[in-house]
Amino acid sequence: KDGLGFPFKNDSKNVIRFHDGLVGGVEKVNVGSSKSLDDIFEGGGTIMVWVYPHTSGGGTAGRILNKLVSAGWDLFVNAETATGIKLSFDTIFSGDNGCYESNDRVITKDAWNHIAITHDTSGAGSSYRPTMYVNLVNVAFTVQTESTGTYTSDASLDLIVGNRPTDTKGFNGIIDEVFVYNRVLSTYKSDGSAVASTATIA
């Protein structure tokens, strides 16, 4: 199977609500680790998710998806202002890690945002940077550090939704419809309250 979907069904709206540790919210969801989830970006992969953030979350860097400890990758929001929040994606390599942050605050607070990331970790450097999309639009980003060496396998790590394993970077808002593919999608369809159209990607 080349993709796994986790359409959460926590309440009547089919979502899971995260409140960065506040009463009434979920701390995190541990999806676990399996062959379908491990090293999905090796040779090319795609992740997609809907988010409805209220703030940038715990430590001002709330995790959306985390498969990272001393290896792996994570997707998170950060650098909140009144106008919005930036999107960041990090990967761990044997040399320098690949760290990427959107130039603009492309994530709207208290609204639905659809995120798609495609990436290939079979190499490093400028030819192996991710591609970010928010609401079907290709997002320009800053390379905070360029990856060098080889990707550090995440095969032993659990996929965590909404936090780090240590519960220090909780997402504050709603996460829905997580999809993980072990290939780079050439097109994708995002159906929901914010977007209902098809975009060509990668």
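Predicted model: local features only at pLDDT ≥ 70, side-chain atom pairs only at ≥ 80, totals over all residues.

Residues are numbered from 1 along each chain as its sequence is written, and side-chain values use heavy atoms, with hydrogens and water left out.

Taking a salt bridge as a side-chain nitrogen of Lys or Arg within 4 Å of a carboxyl oxygen of Asp or Glu, the count is 7.

Select D74 and R63 to begin: their closest N and O atoms are 2.9 Å apart in a salt bridge. Because D74 sits in strand β6 (residues 72–81) and R63 in strand β5 (residues 63–68), the pair ties together parts that are 11 residues apart in sequence; strands here are DSSP runs (E, at least two residues), numbered from the N terminus. D74 is buried at 1% relative accessibility, and R63 is buried at 5%, where buried means under 20% relative accessible area, exposed over 50% and partly exposed in between (1.4 Å probe, protein chains only).

Next, select K67 and D154, whose side chains form a salt bridge with an N to O distance of 2.9 Å. K67 lies in strand β5 and D154 in the loop between β12 (141–145) and β13 (159–161), so this pair connects parts 87 residues apart in sequence. K67 is buried at 0%, and D154 is likewise buried at 0%.

Finally, select E80 and K109, which meet in a salt bridge at 3.0 Å, N to O. E80 is partly exposed at 32%, and K109 is partly exposed at 21%.

Conventions. Helix = DSSP H or I, 4+ residues; strand = E, 2+ residues; numbered from the N terminus.
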